[in-house]
Amino acid sequence: MDIAFVFSGFLVGLLVGVTGVGGGSLLTPLLILIFGVSPVTAVGTDLMFAALTKSGGVIVHSRNQQVDWRVVRQMALGSVPAALLTLGLLHYLVAGDNDIGRFIMPILGFMLIVTAIALLAKASILKQRDRSVTIQRMRATLPAGPFATALGAILGFLVTLTSIGAGAFGVVALLVLKPHMSIQRVVGTDIAHAIPLTLVGGVGFALLGQVNWGLLANLLLGSLPGILIGSHWSSRMPEKWLRTFLAIMLMIIGSKIVVA
């Protein structure tokens, strides 16, 4: 047991429980910048971490009928093949002795910035989505099925490469795609779709030898009680200000990674 990793997992779980922010946007940069884990191993370990931690959440959402399985299937038709193609690209880069970390880091920084923007925009989108003429026209002109599959393909590439975006970016995109779906159902659908996506990515990185199983066990040991405590505290904490603080922090970290 490594106390530093257990505490990091607890802290990430606590913040996820309170704010709902995806663990990848918090955990991956923490592993890379603070603990010096290689970018590839950090992404691979976090993908497995996400697949395992989200599994419990989707059971609860499914029992409460808060998962649109049709949308999950439509998104998975794009995300799973995109994840497999991305893993094939990474395997090719490994075989060619390329520095995958230098390939991943700029995209990682970009995804942190996108996640920060999504966090800041979420409240506004929730208020405006039913009244927005632009969103209504988009929904009327773009068939929901192909649009969901295209969204899944984009997420499949970006999440497999960085382990970031399945939560914040996926939720915001679903709010636009399904403006009349309740926020609880949007979150449940996004979590359900993230499981096959992160599992495929995690297994692929494991086959490349880029999942640190000991690190994963320590993170899970801390994160599970952290998520439970954070979920219990969520109604008592100033969630809006925490989200704003996290968004600013992710924006700063992402900008530094991009320009590095």
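**Helix packing and cores**

H3 crosses H9 in a left-handed sense. Keep in mind that this is a predicted model.

I'll stay with that pair for a moment. H3 covers residues 39-63 and H9 covers residues 183-207. Their axes lie 7 Å apart, and the packing angle is about 140°. Angles over 145 degrees would count as roughly antiparallel, so H3 is called oblique to H9. As for what sits in the contact of H3 with H9, by class there are 15 nonpolar, 8 polar and 1 charged residues.

The largest nonpolar core has 55 residues. Which of them touch the most other members? They are Leu-31, Met-75, Ile-104, Leu-108 and Phe-205. The helix that gives the most to this core is H5, residues 100-128, with 9 residues. There is also a second, separate core of 6 residues, with Val-58, Val-67, Val-72 and Ala-192 among them. In soluble globular proteins, as a general point, nonpolar side chains tend to be buried together.

Last item, helix H8, residues 168-177. Is H8 mostly covered or mostly open? Mostly covered: 8 of its 10 residues are buried. Those buried in H8 are Ala-168, Gly-170, Val-171, Val-172, Ala-173, Leu-174, Leu-175 and Leu-177.

That's what I have.

Definitions and conventions: Residues numbered from 1 in each chain as written. Predicted model: local features only at pLDDT ≥ 70, side-chain atom pairs only at ≥ 80, totals over all residues. Heavy atoms only, no water. Core = buried A, V, L, I, M, F, W, Y, C linked by side-chain atoms within 4.5 Å. Buried < 20%, exposed > 50% of the residue type's maximum accessible area, 1.4 Å probe, protein only. Helix = DSSP H or I, 4+ residues; strand = E, 2+ residues; numbered from the N terminus. Axes fitted to C-alpha atoms, helices over the stretch in contact; angles between N-to-C directions. Parallel < 35°, antiparallel > 145°, perpendicular 65-115°, else oblique. Left-handed = near helix turned anticlockwise from the far one by under 90°. Nonpolar A, V, L, I, M, F, W, Y, C, P; charged D, E, K, R; others polar.
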